[in-house]
Amino acid sequence: MADSHPMIELRHLHRFFGDTRAVDDVSFAVQPGQVFGYIGPNGAGKTTSMRILATLDLPTAGDATVDGFSVVNDPDRVRRRLGFMPDYFGTYPNVNVREYLDFFARAYQMHGDKRADAVERVMDFTGLDVLADKPTDGLSKGMKQRLCLGRALIHDPGVLVLDEPAAGLDPRARIEVRRMIRTLADDGKAILISSHILTELAEICDVVGIIERGKLLAMGSVEEIQQIGQQKAATGDGATNAVNVRVLGGATALGQWLAEQAGVSQLNVNGEAATFLHAGDLEAEADLLRSMIEAGFRVVAFGSKQQTLEDVFMQVTEGLVQ
Amino acid sequence: MSAEAELPQIEDAAEPASLGRWLATVDRAMGAASDRLNSILVKETRQALKSRQFTITFGLLLFCGWIWSILGVAIIGPDIWHGAHGHDMFFGYYVILAFPLLVIVPFGAFRSLAGEQEDRTYELMSITTLNPRQIVRGKLGSAALQMLVYLSAISPCLAFTYMLRGIDVMTILFIIFYLALASMALSVIALLAGTLTSEKHWQVVLSVLLIAGLLYAFGMSFFFAAVTLSELHSVFRDAEFWQANAAVVTGYVSYFMLLFYAAASQLTFSSDNRSTRLRVVMVAQYVAFVGWMGWVWIWPGRGDVDVAWVFLMFVAFHWYAMGALMTGESPELSPRVKRQLPQSFLGRVFLTWFNPGPGTGYLLAVSSLLSALVLVTIAVAAADWFSLSFFTRWSARGTESILPFGVLALSYVTFYLGIGLLLIRFLRRFAYVGILLAALLHVLLVLLGFGIPLIIHLMSPSLRGTDYNLLHLTDPFWSLVYLVDRPGLPAYAPVLLTVVPLAALLVFVLNLPGVVREVRHVRIARPKRVADEDAALAAAKAPPPQPVRTSPWD
């Protein structure tokens with residue numbers, strides 16, 4: 001029986017630049033058809049890990065594999081299976097879209113009709129067919145992003161590593177890129193994607209990993225990650241929850257009452273509603289509600305805001321850079 | 001409309017259709033042909049055809065060619081009808097052609113690679129399935145194509161010079177051939193320079209140095225062309241002239257290959273083998289040199305001792321330079337490299353020295369130089385013992401000092417390379433030492449060995465003005481010259497021939513543990529995943545099984 005292996009696997013990956021630990025003992029795996037969202041502040045080590053996966057850099061220790069092949073020892077086999085979209089465009093002057101894609105198809109040893117079909121397929125998928133004869137250096141940012149995605153897809157790789165694919169795009173272009181990524185994942189490709197726009201990742205990722213200062217701090221499905229956030233809040237790790245309250249008869253008096261309560265901050269009163277941050281666990285939140293009712297306020301709605309990926313990210317990371 | 005009137009319309013419509021089919025066939029054929037071309041060559045040709053730089057250079061070349069045609073003819077005046085002025089006109093065209101070939105094309109090759117590193121398109125290219133040799137070949141191919149385009153633009157002018165008399169076809173071809181060789185050599189040097197760094201400030205420094213070097217080569221090429229035009233046409237019938245040219249071309253090809261593989265190895269992934277191909281070229285180069293020198297010694301030189309001097313000096317310099325680069329390699333072998341190590345007993349004995357590593361590099365350099373000394377010894381023995389009438393007898397000076405010279409040269413190379421290697425190993429405990437830094441350390445060591453005694457000699461009132469003395473023991477140049485500067489062995493020869501070889505032996509022994517560690521590397525098995533894929537690929541490539549004959553009637 002053939003060995004089953006994840007399409008992407010990082011095993012205790014380390015990458016040091018002098019004293020800086022850019023990647024520090026990172027391990028995770030991505031299965032076919034899975035989208036892995038890689039989240040972290042600038043300088044967290046996302047791009048370094050991705051460059052190692054793309055065979056552009058070597059790890060100091062540990063290894064990474066693509067379809068079972070080591071990026072250190074079999075980079076040629078990895079390159080045949082991996083499409084990399086870095087956070088820069090890499091376009092050539094005096095080359096149009098078709099010629100650009102044709103060059104990369106040739107570089108992947110594709111010949112004749114197979115090459116022509118690949119170029120057409122990619123232009124069709126990325127919507128670049130209408131710009132086939134336009135010079136690459138004259139494309140808009142969104143179109144360049146599509147071109148870069150097209151280049152990464154030209155040899156139909158089973159693994160895609162996308163570094164900030166939606167950075168700097170307008171909302172429409174972002175939605176289109178997101179759709180394309182989901183389509184590719186549904187097609188069976190394993191995708192590792194990093195982004196700063198966390199809401200975006202929450203929508204398309206099956207698994208999310210949060211990295212900071214080279215260390216993987218949390219990993220799991222979006223729901224699991226949100227639970228981690230809730231648990232952190234519940235255990236009172238110095239966490240604060242955003243609370244919304246609605247009372248009948250106007251919230252001005254409630255605002256004054258809340259201002260005197262411990263753990264309440266960033267109070268905002270608007271008509272019958274008040275929003276504020278409350279430091280403390282769920283028990284403390286329940287006590288606050290009981291006190292509010294006992295004080296005579298006619299509460300019709302009281303609720304903690306649902307933890308978003310962004311909230312969890314802010315809770316898990318410390319915002320430190322190396 | 002009548003049926004007769006429609007017929008010609010059908011024929012007219014059929015004609016463009018057949019033309020279209022024909023064009024489609026040509027297009028397919030061209031497409032199939034371009035599949036065989038290097039992808040970088042195809043891309044760069046497309047880019048060049050649209051680039052302003054190429055258009056301007058090509059336009060200027062044509063313009064200058066026309067201007068010189070008019071100006072030259074005007075200067076020559078009516079004498080053009082009966083004089084032989086092709087030679088003067090040719091020199092003008094040569095200058096016009098040499099500038100793009102010796103400056104623009106090589107610098108374009110450098111910028112092409114350096115620009116890819118600046119724009120980071122190189123990274124995108126490097127993660128395709130193109131290997132580093134294909135990348136360098138593509139860039140070189142692009143340079144060669146540009147060279148051919150410029151050459152074809154000026155070729156009518158060159159034909160014109162032949163019609164003016166005063167220059168023969170052989171001279172024109174000879175000069176243009178060497179100009180093309182020089183253009184390609186400078187392009188491969190420029191490409192190697194382009195691989196040396198991706199740091200912008202170093203690229204600026206390299207650009208300045210490269211432009212200065214290219215302009216110098218451009219200037220020197222005038223001298224070559226002038227000498228060829230004025231003197232060489234008389235020796236074209238001389239067989240020895242062509243033999244010498246064959247030797248020059250052999251040397252050219254070997255150094256071209258060395259530079260080509262050096263550029264490719266600079267672009268090779270760190271965990272891959274960057275050294276073995278280069279070592280094979282170094283040895284091939286050495287063997288070619290041995291062959292040419294052997295031929296020169298036997299045939300035109302007729303056993304002339306000077307051939308042996310030239311041979312030993314060149315080989316010592318060659319292996320010192322190559323050794324300085326090889327000893328800068330990393331002693332660690334990646335599992336990828338270990339998978340390809342020689343495994344059989346004979347393979348390990350003879351091919352281990354081609355494995356990457358500073359110790360194996362040191363031993364390859366020393367043993368190759370030793371083999372040169374053995375060859376010279378055999379030559380001396382052949383001349384002396386068999387008293388071959390074919391050879392002229394070695395002079396007393398030659399037999400007495402050629403072997404001591406060889407021993408001393410070998411000892412100096414062994415000593416300096418060995419000391420350098422020990423120093424590099426020591427420094428690597430604290431910091432990263434790359435190949436270039438290692439080579440610089442070697443050069444610095446020799447400069448110190450040569451410079452410190454010289455400074456003491458010049459600054460000391462008692463020593464200043466005196467001849468060689470043992471203070472210069474560390475100076476390989478003066479010591480070697482001193483040994484052979486007069487008939488018979490000089491006074492300090494016994495000391496030199498004792499101390500330097502002993503020091504070399506000591507340094508060699510000190511380096512042995514490091515060499516042994518590298519020799520102990522053995523081949524490791526491929527990972528299962530790799531073996532499985534290789535097996536699957538081999539099975540896919542294997543011919544389909546032949547049907548088994550089960551019946552005599554089949």
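**Entry 1. A sheet in chain A**

I began with an open sheet of four strands in chain A, ordered E2-E1-E4-E5 and paired in antiparallel fashion. Strands here are DSSP runs of E with at least two residues, helices are runs of H or I with at least four, and both are numbered from the N terminus. Two strands count as paired if DSSP finds at least two bridges between them. The edges are held by strand E2 (20–30) and strand E5 (69–70) of chain A; each has a single partner strand, so one side of each lacks a neighbour in the sheet.

I note for the record that this is a predicted model, in which local features need pLDDT of at least 70 and side-chain atom pairs count only at pLDDT 80 or more, while totals for chains, interfaces and linings use all residues. Residues are numbered from 1 along each chain as its sequence is written, and chains are lettered from A and ligands numbered from 1 in the order in which they are written.

I then looked at the pairing of strand E1 (residues 8–17) of chain A with E2(A): eight bridges join these antiparallel strands. Within this pair, A:Arg15 stands opposite A:Val23 in E2(A).

Which helix lies across E1, E2 and strand E4 (61–66) of chain A? I found helix H1 (residues 46–53) of chain A there, running at about 120° to E1(A). Such angles run from 0 to 180 degrees between N-to-C directions, and axes are lines fitted to C-alpha atoms, for helices over the stretch in contact.

**Entry 2. Chain A as a whole**

I recorded 11 helices and 14 strands in chain A. Of its 322 residues, 46% count as buried; a residue is buried if 20 or more other C-beta atoms lie within 10 Å of its own, exposed if 12 or fewer, and partly exposed in between, with C-beta atoms placed from the backbone. Contact means that two such C-beta atoms, placed from the backbone, lie within 7 Å. Among contacts in chain A between residues at least 6 apart in sequence, 66% join residues at least 24 apart.

**Entry 3. Where the chains touch**

I next examined the contact between the chains, which takes 30 residues from chain A and 29 residues from chain B. On the chain A side, helix H2 (75–81) and helix H3 (97–107) each supply at least two residues. By class, the side of chain A that touches chain B has 15 nonpolar, eight polar and seven charged residues. Ala, Val, Leu, Ile, Met, Phe, Trp, Tyr, Cys and Pro count as nonpolar, Asp, Glu, Lys and Arg as charged, and the others, Gly among them, as polar.

**Entry 4. Chain B and its helices**

I counted 19 helices and zero strands in chain B. Its C-alpha atoms fill a box of roughly 115 × 85 × 65 Å along the principal axes. Buried residues make up 33% of its 554 residues.

At what angle do helix H3 (residues 52–76) and helix H6 (residues 132–163) of chain B pack? I read about 10°, with the axes 9 Å apart. H3(B) and H6(B) are therefore roughly parallel, the term for angles under 35 degrees. In H3(B), B:Phe58, B:Leu61, B:Leu62, B:Gly65 and B:Ser69 meet residues of H6(B), including B:Val149, B:Tyr150 and B:Phe160. By class, this contact has nine nonpolar, two polar and no charged residues.

I checked helix H8 (residues 200–230) of chain B: its 31 residues reach 45 Å from first C-alpha to last, close to the 45 Å expected at 1.5 Å a residue. The expected span is 1.5 Å times one less than the number of residues. Among the buried residues of H8(B) are B:Gln203, B:Leu210 and B:Leu214. Their cover includes helix H4 (86–118) and helix H7 (169–196) of chain B.

**Entry 5. Two arginines with positive phi**

B:Arg120 has a positive phi of about 65° and lies in the loop between H4 and helix H5 (121–126) of chain B.

Is A:Arg213 buried or exposed? A:Arg213 counts as buried because 20 C-beta neighbours lie inside 10 Å. B:Arg120 is partly exposed, with 15 other C-beta atoms within 10 Å.

Terms used: Angles under 35 degrees count as roughly parallel, over 145 as roughly antiparallel, 65 to 115 as roughly perpendicular and the rest as oblique.
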